Amino acid sequence: MSHRKDTNNYSSLPISSYLELQPQNDSSKSLQRPTFDESEVYLGSKVDHDDDDDLEIDIDNYPLVVMGPNHGSGIPGAVFNLTTTVIGAGIMALPATMKVLGVVLGIVLIIIMGILSEISVELLVRFSVLCKASSYGEVVQHAMGRPARILSEICIIVNNAGVLVVYLIIIGDVMSGSVHHLGVFDQLMGNGVWDQRKLVIFVVMVVFLAPLCSLDKIDSLSLTSAASVALAILFVLVTFTVAFIKLVEGRIDAPRMAPDFSSKTAILDLLVVIPIMTNAYVCHFNLQPIYNELEQRSPQKMNRVGRYTTILCILVYSSTAISGYLLFGKDTESDVLTNFDKDLGIRFSSALNYIVRVGYILHLILVFPVIHFSLRQTVDALVFEGSPPLSESRKRSLGLTVVLLVLIYIGSTMIPSIWTAFKFTGATTAVSLGFIFPSLVALRLSHQGDLSYGERILSWLMLVLAVTVSIVGVVGNIYSLESKS
């Protein structure tokens with residue numbers, strides 16, 4: 001290639017290379033590989049270049065999209081965002097699942113589900129890279145076609161909207177009280193305007209949630225995610241400390257170590273709680289947004305993020321499930337947070353109750369925008385297909401945020417029981433997003449991704465497990481509803 005020097009110490013290059021001017025100083029560093037499709041080079045393709053016709057790209061050490069300098073989040077920020085996606089309100093159901101499953105089976109399932117979920121996360125990242133996919137729906141479409149993509153996006157919308165409605169209901173119940181439990185405001189200030197649950201939820205949404213949800217990059221939520229993880233750990237520490245004190249004092253009943261098969265009701269409970277356990281780690285819908293904003297991103301780096309997240313979540317889940325169950329025993333509620341309106345039987349019980357409940361409400365407020373982010377992205381992909389990215393259209397982003405928040409608020413005022421909704425979405429949409437779609441993607445694209453024999457077996461195992469859990473969960477839910485009615 002001939003270079004023509006000019007007085008500004010720059011070299012001109014052919015216009016076809018997408019680089020017109022480069023400083024001559026240290027040109028070996030400044031000359032970057034030209035990009036294609038105006039701004040992006042994707043993995044899995046060969047780059048045609050005058051000097052390097054057959055350049056093969058090593059998938060394991062290369063980012064999903066090359067877009068010039070990337071000032072994204074580091075590994076800690078990505079871990080906090082992914083952990084926040086995982087640890088939501090579902091953690092409150094774990095002590096009740098421990099009551100049904102017994103301590104041994106409960107802990108074993110928490111560990112097994114964490115490992116299986118991490119495998120499915122790594123498979124999804126690998127095939128997203130191969131398929132040039134920047135969203136969950138895109139990788140599903142590449143593997144199984146457009147109808148499967150639409151189905152996966154509907155699953156994300158139903159799952160995330162359902163979770164956010166549950167968060168609002170919990171916030172309202174804990175702060176304003178419900179039929180069976182006193183609210184924080186009631187206990188602190190007596191009766192008043194704050195007894196109006198709908199009003200409390202509305203104020204929380206306008207003052208706290210709307211500003212956080214209006215942010216257009218998930219990286220902007222790294223600090224709030226770190227705070228939400230800290231609040232979840234605070235909840236675990238308080239519960240664990242109280243349980244330990246009562247255990248030392250000999251005021252805790254011996255926990256059940258194995259499941260109870262003695263009655264039909266006990267077996268039904270067992271069928272209903274298994275989907276809750278399988279869905280404890282579902283975060284797959286937020287993988288691509290977090291990955292795309294990862295600094296110097298590569299599949300290997302994202303796998304490290306996933307593994308750190310899994311270890312952290314296993315520790316938090318195990319601690320919460322054991323301490324919550326030890327503390328309340330056979331009286332453990334399906335939402336253990338509601339157990340904290342009673343005397344814990346130790347000094348400073350009242351103060352600890354407030355710390356646990358208010359701390360966890362703040363945790364849910366900080367988790368809300370992270371789940372809302374992928375909900376908004378998915379609705380945008382489904383409704384405004386072919387439009388520029390949401391980050392380039394502030395009006396569309398804010399408009400979608402307002403519409404979604406209004407609909408979620410209306411949902412929270414209309415749905416009577418959160419756990420019925422949770423169990424049904426858990427047995428259908430969440431298990432599909434966490435295990436069914438990633439397994440199918442890996443199996444359908446196995447010829448592209450060099451899937452090993454062991455990975456193929458694991459994919460089939462996850463698929464069969466997920467379908468079985470889904471069927472059993474739905475049937476168990478329907479049957480338990482009929483028997484209650």
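This is a short walk through a predicted protein model, from the whole chain down to single residues. Residues are numbered from 1 along each chain as its sequence is written, and side-chain values use heavy atoms, with hydrogens and water left out. Because the model is predicted, local features need pLDDT of at least 70 and side-chain atom pairs count only at pLDDT 80 or more, while totals for chains, interfaces and linings use all residues.

Start with the whole chain. Its secondary structure comes to 17 helices and four strands. These are DSSP runs, numbered from the N terminus: helices are H or I with at least four residues, strands are E with at least two. The protein chain has 485 residues, and 51% of them are buried. Buried means under 20% relative accessible area, exposed means over 50%, and partly exposed lies in between (1.4 Å probe, protein chains only). The accessible surface of the chain comes to about 22,500 Å². Carbon and sulfur atoms hold 63% of that surface. Accessible areas come from the Shrake-Rupley method with a 1.4 Å probe; for residues, only the protein chains shown count as cover.

Now the contacts. A contact means heavy atoms within 4.5 Å. Take the contacts in the chain with a separation of 6 or more: 76% of them join residues 24 or more positions apart.

One helix pair shows how such packing can be described. Two packed helices are described by the angle between their axes and the distance between the axes. Helix 2 (residues 75-86) and helix 13 (residues 349-383) have axes that come within 9 Å and cross at roughly 100°. The axes are lines fitted to C-alpha atoms, for helices over the stretch in contact, and angles run from 0 to 180 degrees between N-to-C directions. Helix 2 and helix 13 are therefore roughly perpendicular to each other. Helix 2 brings Asn81, Thr84 and Thr85 to the contact, and helix 13 brings Leu366, Val367, Val370 and Ile371. The angle classes are these: under 35 degrees is roughly parallel, over 145 roughly antiparallel, 65 to 115 roughly perpendicular, and the rest oblique.

Next, the charged pairs. Side chains of opposite charge can pair when their charged atoms come close. The whole structure holds six salt bridges. A salt bridge is a side-chain nitrogen of Lys or Arg within 4 Å of a carboxyl oxygen of Asp or Glu. One of them joins Arg146 and Glu385, at 3.0 Å from N to O. Arg146 lies in helix 6 (residues 146-176) and Glu385 in the loop between helix 13 and helix 14 (394-414), so this pair ties together parts that are 239 residues apart in sequence. Arg146 is partly exposed at 38% relative accessibility. Glu385 is partly exposed too, at 46%.

Another salt bridge joins Asp380 and Arg396, at 2.8 Å from N to O. It links distant parts of the chain: Asp380 sits in helix 13 and Arg396 in helix 14, 16 residues apart. Is this pair buried or exposed? Asp380 is buried, with a relative accessible area of 8%. Arg396 is buried as well, at 15%.

Glu249 and Arg251 also form a salt bridge, their closest N and O atoms being 2.5 Å apart. Glu249 is partly exposed at 46%, and Arg251 is partly exposed at 40%.

Some single residues come next. Ala442 is in helix 15 (residues 418-444). It is buried, with a relative accessible area of 0%. Beyond neighbours within four places in sequence, Ala442 contacts Leu123, Phe127, Leu451 and Ser459. Its C-alpha atom is 7.8 Å from that of Arg456, 14 residues away along the chain.

Thr97 lies in helix 3 (residues 94-101). Thr97 counts as buried, at 2% relative accessibility. Leaving out residues up to four places away in sequence, Thr97 touches Val273, Ile276 and Met277.

Ser319 is in helix 12 (residues 299-328). Ser319 is partly exposed, at 21%. Val236 and Phe240 are its contacts, leaving aside neighbours within four places in sequence.

Finish at the surface. Leu199, Phe202, Val203, Val206, Val207 and Phe208 form a nonpolar patch, with about 520 Å² of accessible area together. Patches are made of residues with over 30% relative accessible area and no salt bridge: like charges are joined within 9 Å, nonpolar side chains (Val, Leu, Ile, Met, Phe, Trp, Tyr) within 5 Å. Phe202 lies in helix 8 (residues 197-213). Phe202 counts as partly exposed, at 42% relative accessibility.
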